[in-house]
Amino acid sequence: MDRSNISTMYSNNIFEQMGGKNKTDGKTIDSYTPSDKSLKEQSSIEKLMKANRELKRDLDVTQDELKKVKKELELANSKKI
């Protein structure tokens, strides 16, 4: 798995890309332990991934707001002309 490419980190076939153990409760996978990482590294990676998800959500919200403002600005400019 290429950890420098964020899209591969969140792909559906992550378990095929890297060895490790996944803990299952029935049919749902609730966690994954990469075989090449210590507990400290795993914790750091989990924190990084959580921060990335939060930043992605913030970016999406900001981009949506920017699109709305651009549309409003275009409407305002078209009314002036």
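**A pair in helix H3**

Tutor: Lysine 56 and aspartate 60 lie four residues apart in helix H3, so about one helical turn separates them. Their side chains form a salt bridge, with a distance of 2.9 Å from N to O. Side chains of opposite charge can pair when their charged atoms come close. By this rule the count is one salt bridge.

Next, the exposure of the two partners. Lysine 56 has a relative accessibility of 46%, so it counts as partly exposed. Aspartate 60, at 30% relative accessibility, also counts as partly exposed. Buried residues account for 9% of the 81 residues in the protein chain. The chain exposes about 7200 Å², of which 55% comes from carbon and sulfur atoms.

As for the setting, the protein chain has three helices and two strands, and from the N terminus their order is α-α-β-β-α. Of the contacts between residues at least 6 apart in sequence, 19% join residues at least 24 apart.

Helix H3 (residues 39-80) has the highest confidence, with a mean of 92, whereas helix H2 (residues 14-17) has the lowest, with a mean of 48. The average pLDDT of the protein chain is 75, and 56% of the residues score at least 70. Where pLDDT is low, the predicted coordinates should not be read in detail.

Terms used. Residues numbered from 1 in each chain as written. Predicted model: local features only at pLDDT ≥ 70, side-chain atom pairs only at ≥ 80, totals over all residues. Heavy atoms only, no water. Buried < 20%, exposed > 50% of the residue type's maximum accessible area, 1.4 Å probe, protein only. Contact = heavy atoms within 4.5 Å. Areas by Shrake-Rupley, 256 points an atom, 1.4 Å probe, with all protein chains shown as cover. pLDDT = per-residue confidence, 0-100. Salt bridge = Lys/Arg side-chain N within 4 Å of Asp/Glu carboxyl O.
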